[in-house]
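Thanks for coming. I have a few minutes on one model, and I will keep to what can be computed from its atoms.

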Amino acid sequence: MEAAWGSSEGDEDLTATQVAEPVTTGHVFEQVYKPWKGTLNPRWMRNWAILRHHLLGIFKKGHRPWGMPTRLFILIVFIASLSDAALTLLSGLIGDGSLHQLWGISRDNLYGHVLGFFPRNVLYYPIVAALLVGSVISEDRQHGTSALYFSRPITRFDYVGMKFVSVAIIQSFVVLLTLTLYYFAEIIALGRGWAWIMDTFPLFLAAFLSGMVLIFTYTSIGLALSSVSKGKFFPGIGLLSIVLGTKVLAILVSTLFDREILYLLSPYDCMAHVGQTIIGTQPTYDQYSWTWSLASLVAMNGIALYTLSARVSSMEVTRE
Amino acid sequence: MPDFDQEGKGQTQAWQPDLSAPAVLLEGVSKSYGRIFALSNITMALNGGVTGVLGMNGAGKSTMFKLLMGKLKPSQGKVRLFGTDPWKNPAPYARVGFVPEHEKMYDWMTAHQFVSTFARLNGLTRAEAMLEADRVLNFVGLADVAHKKIGQYSKGMRQRAKIAHALVNDPELIILDEPLQGCDPLARTTIMNVIRELGRMGRTVIVSSHILQEIERITEQIVILHNGRLLALGNLHAIREKLDQIPHRITIEADDAKALAKDVIDMDEVYGISFPDNKNLSIQTHNLGAIHAQLPAAIVNNGHRIHTIDNPDDDLASILGYLTSGGGL
Amino acid sequence: MMEAKPNTIYRALDRKAAAITEFTMRQYRTKASTWVVLGVGLVAISLVMLIYVDVMSTGFESIDNDGDSEDPDGDGYPTGQENKYGTDPYMADSNPGLLTPSIEPEPASNYIDEDGFDISISGTASTQSTGYDDDGDCRESDRTNSQQDTNNNGIVCDVELRYDRYQGEWEVDADRYVDEDPDDAAYAAEATHMAFVLGIGKMGFVLLLGMFLPLFLATGLIREEMNDGTMHFMLAKPIARTEVFLYRILGYLGIVWPYFIAIGLLFALISGFVGPSDSFFRFQDLGVWLAIIFATMMASFVYGMLFCALGTMWRFGIVLAIPFAAWELGMCIVSMGAPEAAILRFSVIGWALMIVDAAAVIVWPNMELFILQGRTMDDFGLIWTTSNALNFFYSKPGVGGSGLVSAVFATVVLLVQGAVFWFIGGAIFKGKEIE
């Protein structure tokens, strides 16, 4: 009972309490420590455990509890992203040529699915990214649950790497999976043959690659912000501010002075420029070459990843 | 104009405490969260002196305090501070000092800044607040470190700073929620002295804790909560007395325990004797006072050599144990 | 001991206000996030200013819009001069030097920017004739009447203005060779400068700074204290929760308002010196800059109240701020495209931008005419581009009436909006159970 209630300090009027009868509440278990002589499971299995914890948490209890707004929004965005696939299917069903011309697979539509500004890169993808990255590292800093990871044989690189991969995979559901479904919708709805597939597959691949670049960039910037902040929402809002704020500034400068230089600071525009080049759609940035955008993109990701690694390697294994 | 007094009526007169009402009154108060009752049917009145509120974690101590401080609304029943309902009415807090349980404080402020800033929320001017801050920080023993940042304080010093901030408006009712939690022994002693002093000054002080020995050292008036219910209220010895069905024990360590037992067993009030070991004698009785009255004569007249006499279950731990393991009042 | 004081919580409101406001401001100063947000805001908006300074110092080139400074036949006489004397600009052996008396060749620069805008709107007639052929290449040439009156309004060598009631704007139809080669450099500099002031004022200050700073700084004013448990300190005092809400906002304003004023004045100074002007400083712009600063202050006040209320209401309140921000961004664009749209009444930024528009109307009273002049150009040259930019950022205040009335009305509306959000936030806070 003594142990249960509180420590007994050196008290002057200490009374020896010798309880003869058995304690009625609580047990003390005898503990014998036996060193474990087994073999540690391979690194990939430990990392898979972290990945699984984060991924399954989206739709299953007992794993990382993503908030309900996050899950709901991901579902809504997934359905909304399939709009072009749905319209392609519809055009195939009703045989409407003009509808298919508007929504079917083409260079522009493949580009638009991944990199179109409105509504996908204003309302859908950045907000999904913001909701995901918001608390993924900052909660560990705030609650000290990083100790759960770092007191086990998990390197810091694995820790942040698996979080990165899990956030990227969840985003790829709404970006890349919907892109693939869109491609297949066209094949199914219009009965496309192998010749068509061989023609369009490089375009699809280019769009897929652009999508991966998009996801990678949003994730690295978002995770860098999450590692810097202790709040739950600051990283998400910060990501949205960077993406949309730089876009607004760039539009402002471009409208006022007809100078497109500030687009280099906007992650979205850099990705769009590179995407336009590799997919082969009409470039909308004509004052400078796409290699500048690529360089800027690499620099942005580099800074973000450097920040992320610096913060995580100096993260305390306790509540900060 | 916005509803400053939050009573829904334009309050133009000064709030006056109801002198006939006790400082703290709870009548039939319950607080439920869905189907879980954090407090059920608590009725008590407190006025003057130090009262200890005891209970295990989750018994409802903090909930009760938050109800008193208008942070929560009772699901049933009445809560009154000086006769006024504190929900949506912060006027009574002019007479109240509250020391919350949460650990987080403004680490970037010095204790003096902290106390004087919040003193101004009682309506003091800047100069008055500084003076009062000096006074209360001196009272709690932080005068020499008052101008260091709270972030550099130890846990005990932080608790004392919190107590100081609660005392700055010279309150008549002081509520301390787990003030000794996490403190080192020296800090505990200092804080306990402060609390006792406040009680002696005639204030109503309510202290919650689950460190039973400290509560015993501060006060004998206790309130025991368990699972949201009020199990006991009053003087702890009186409570123990009431638990008649549970026999008291007296343990005596003597050179010749068996010889002593022969002399003791004749006493009427003794109904059982046992020997925990060779040197110790344990007497079970229903009437502790009577045994203690006769024991010295029995020992001295028969020339026994005694090392210790103890009442092992006349303390709070035993009371709580008995009460919470099923025997209520 | 303190002397007895009456225990109403009206007592000494100003002391409590000062205490919480000062405390809040000090708290902001200790947080790194405050400095990061303020710093990033300054850097972002300074980038635009730097580009502006670069553009203005690079200057604008004058363009020969009608091409009459060229000499295609290489005889040393510019086309304009050859046209004036009736010789053939495409044949070298036909030039004014061969006339009697022989005419000396004029420098090509005489034929650049030689016929500037003389357009003015007078009266209320929906069809007006204005404009003047400065260099005489319409009036004095030996063309027929119909050649001199290509806009077919019966008046030779003029510019006809027609008011299109459906579009709500004037149409410009100039006779050929009238006002065809205005001073591009001067026009572009002025248009770029005014567009910059309006553009950065509206999108940079009011939208970006005025909305994003409250988003980061005001949302957690109450919510963070509740989460940390430190709200108990403030609420265990005889002070109403609505007061606490208000004073926390005052503390936030005490940080962001000086920031806006400082940056606004700095930018006003820089653009005043760099902008095109007859004197060394553009004093008249100060009116617009003051309005921009004021509009940003008002917007940050209203947004601060709103975001703080959202944060108080719900743990995830900041998530609600995102669609709201998207709405405001949309409304900003609408305000610039269609300033009379009724839907703008349902936004905060619509009213804030109206203050800026009102100041622009007062300080630059002939803006529409100025933009109109740029519209006379047929080609998509410098004048057309810059007047387009200016046209995008300039709007007449949507409420109508004079500039001053619109500004005052908009200010009142914003104050009311702020007060409403305060009431809502305070009411939510009052009824909140705080664990």
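First, the ground rules. This is a predicted model, in which local features need pLDDT of at least 70 and side-chain atom pairs count only at pLDDT 80 or more, while totals for chains, interfaces and linings use all residues. Residues are numbered from 1 along each chain as its sequence is written, and chains are lettered from A and ligands numbered from 1 in the order in which they are written.

Chain A has 14 helices and zero strands; helices (H or I, at least four residues) and strands (E, at least two) are DSSP runs, numbered from the N terminus. Its radius of gyration is 26 Å, well over the 20 Å from the globule rule for 320 residues, so chain A is more spread out than a compact globule. That radius is taken over C-alpha atoms, and the rule is 2.2 Å times the number of residues to the power 0.38. Along the principal axes, the C-alpha atoms of chain A fill a box of roughly 95 × 50 × 35 Å.

Of the 320 residues in chain A, 41% are buried. A residue is buried if 20 or more other C-beta atoms lie within 10 Å of its own, exposed if 12 or fewer, and partly exposed in between, with C-beta atoms placed from the backbone. In helix 6 of chain A, residues 107-115, the buried ones are A:Asn109, A:Leu110, A:Tyr111, A:His113, A:Val114 and A:Leu115. Their cover includes helix 7 (120-133) and helix 10 (156-190) of chain A.

Now the side facing chain C. Here 20 residues of chain A are in contact with 25 residues of chain C, contact being C-beta atoms, placed from the backbone, within 7 Å. The largest share of the chain A side, 12 residues, comes from helix 12 of chain A.

Next, the core. Which residues touch the most other members of the largest nonpolar core? They are A:Val128, B:Ala164, B:Ile175 and C:Ala352, in a core of 279 residues. Helix 5 of chain C, residues 184-217, gives the most to this core, with 21 residues. A nonpolar core here is a set of buried Ala, Val, Leu, Ile, Met, Phe, Trp, Tyr and Cys residues joined through C-beta atoms within 7 Å. Leaving aside neighbours within four places in sequence, A:Val128 is in contact with A:Phe73, A:Ile74, A:Val77, A:Gln171 and A:Val174.

In chain C, C:Ile292 sits in helix 9, residues 285-313. Why is C:Ile292 counted as buried? Because it has 29 C-beta neighbours inside 10 Å. Not counting residues up to four places away in sequence, C:Ile292 touches C:Gly201, C:Phe205, C:Gly264 and C:Val356.

Last, strand 10 of chain B, residues 248-254. Five of its seven residues are buried, so this strand is largely enclosed by the rest of the structure. Strand 10 of chain B runs antiparallel to strand 12 (residues 280-285) of chain B, joined by six bridges; strands pair if DSSP finds at least two bridges between them. B:Thr251 stands opposite B:Ser282 in strand 12 of chain B. Strand 10 of chain B also pairs in the antiparallel sense with strand 13 (residues 306-310) of chain B, over four bridges. There, B:Glu253 has B:Thr308 as its bridge partner.

Methods. Contact = placed C-beta atoms within 7 Å.
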